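Take each task on your own before you read its solution.

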Amino acid sequence: MRDDVGGSLRQPRSAVVDLGSNSVRLVVFEGRGRNPLTIFNEKAVLGLGRGLVTTGKLNEEAVEQALTVMVRYHTVARAMGADPVEVLATAAVRDAANGSAFVAALQQRLPDLRIRVLTGQEEGLLSADGVLLGFPDADGVLGDIGGGSLELVELSHGRAGRAVSLPLGAIRLAERSGGDIQRGRGFATEEFGRVPWLNEAAGRDLYLVGGAWRALARMHIAQTAYPLSIVHHYVLSREEARDLSGVVMAATRRTLERMPGAPTKRLQDLPWAAMVMRRLLRASGARRVVFSANGLREGWYARQLGPEERRRDPLLAASVELAARFGRDPRLPPALARWTAPLFERESPADAAMRAAACWASDIGSHDHPDYRAEHAYFRVLRQPGVGLDHHARAFLALAVALRYEAGPDAAFLQAARVLLDVAAVRRAEVLGTALRLAYTLSGGTPELLAGTGLERSGGRLVLRLVEGSGVFAGESVLRRVEALAATMGLEAAVEVAG
């Protein structure tokens, strides 16, 4: 697609509206890459599903507001050039007696808008597609909580299996229980008892999706001073999750208001979400909780992708996308991966993949101000939107790239990465970052010059081999950086020139 300004090329865009029991949200995605890139995200908390348990209908006051909001969202999406644009209606609309009338009224106002009222199973499987986009090897159970329902999906080594929808959304459960959390706990226990495969998750992971559960994760991040404020891939042990849920369930509203990270608009839902999480942990026997920012909307996006794109490794895809936006030469990263390989003996496949990703990300500061390259590149990697990167991967790549740009080893901004990594991972990042700095000094960022060089470990020595006449020579800066790399590895430095 061509942009009207300057005739430059623009990535295709798509938009989805999540029409839920509590909120209505528009998300506009740009591109069709492995990692969803959100360029617009707006939410309106309307409470369409409030009162549904007692009246059987959508909240009348919220219906008119929803129609107005939907007209705005449709206008925004079309103005941004999104195609397709689709509305996904979930539990409140599918269960309400006036749900069909609401959809008809919306369709009358926006006749060209595609609206799908999802079944519970469709909702769960879409959420599973979103989770698998960020956790391609997910193994355990997915739980997606909304205002009206809770979807559970069996995940087995990256594949979605059995799915069920339960009436355990935070709003519906609160109304069904008359505001009595103990009574609600009984309902949750009863509903989970009807899912015979749920306890097969014992010893595996529980992947949690939904705004109320993400709010709990943010509270835990704030309360523990965790160094990275990203919910996606945030992990709690079984005991930590039980403790968190217990505190939130027992807290008064006034206490919740004063808790760090507590969201004002979700306070009334938090005890119910915490209780469902605690009951789900008990029923499943899961060993830990893994929070996912991906869910229904990202699952919709995933289905816009071709099968080959969906199969791409998310770690490598994220780094390649960074290189495409900020790097100089896409031919160099594969050459760097080969060039650095001799430094890492008995490397695991996972470590090799991480090293390759770091090579792709290693030039993303090339257009930044020289005095700030290390810091800008570090935060660009650490906080990137790549959905397949856990916090360890973000920290490792960020540290390696910052050191490639000669960040001081004790620079304050590196603290988050050092806290998130163990000693062995920090050492690998230091070796790799120092090696990449040497590579760029030798090659000027070109694969042609890098081809005239090579590294070799020989006994207790690190040998830099240069091809005579290749345009590369061992000047003062090269020698200094070879010695720095050798010292990082505990080796002696040597330079040899071959004809």
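**Exercise 1. Find the partner of Arg-204 in a salt bridge, and say which parts the pair ties together.**

Solution. Start at the side chain of Arg-204: a salt bridge links Arg-204 to Asp-139, and the closest N and O atoms are 3.0 Å apart. Helices (H or I, at least four residues) and strands (E, at least two) are DSSP runs, numbered from the N terminus. Finally, check the cover: Arg-204 and Asp-139 are buried. Buried means under 20% relative accessible area, exposed means over 50%, and partly exposed is in between (1.4 Å probe, protein chains only).

A word on the ground rules: this is a predicted model, where local features need pLDDT of at least 70 and side-chain atom pairs count only at pLDDT 80 or more, while totals for chains, interfaces and linings use all residues. Residues are numbered from 1 along each chain as its sequence is written, and side-chain values use heavy atoms, with hydrogens and water left out.

**Exercise 2. Is Glu-154 buried or exposed? Classify its salt-bridge partner too.**

Solution. First, identify the pair: Glu-154 and Arg-162 form a salt bridge at 2.8 Å, N to O. Then read the accessibilities: Glu-154 has a relative accessible area of 15%, so Glu-154 is buried. Arg-162, at 38%, is partly exposed.

**Exercise 3. Classify the two residues of the salt bridge between Arg-465 and Glu-456.**

Solution. The closest N and O atoms of this pair are 3.0 Å apart. Arg-465 has 31% relative accessibility and therefore counts as partly exposed. Glu-456, at 32%, also counts as partly exposed. Elsewhere, salt bridges with shared partners join Arg-176, Glu-190, Glu-191 and Arg-194 into one network.

**Exercise 4. How do helices α17 and α18 pack?**

Solution. Two packed helices are described by the angle between their axes and the distance between the axes. The axes of α17 (residues 373-382) and α18 (residues 391-404) come within 8 Å and cross at roughly 165 degrees. Axes are lines fitted to C-alpha atoms, for helices over the stretch in contact, and angles run from 0 to 180 degrees between N-to-C directions. The two helices are therefore roughly antiparallel, a label for angles over 145 degrees.

**Exercise 5. Compare the backbone at His-233 with that at Arg-346, and classify each residue.**

Solution. Most residues other than glycine have a negative phi, and most peptide bonds are trans. His-233 is not a glycine, yet has a positive phi of about 75 degrees. His-233 lies in the loop between α8 (211-223) and β10 (235-237) and counts as buried at 11% relative accessibility. Arg-346, also not a glycine, has a positive phi of about 50 degrees. Arg-346 lies in the loop between α15 (332-340) and α16 (349-361) and is exposed, with a relative accessible area of 78%.

Note on methods: Parallel < 35°, antiparallel > 145°, perpendicular 65-115°, else oblique. Salt bridge = Lys/Arg side-chain N within 4 Å of Asp/Glu carboxyl O.
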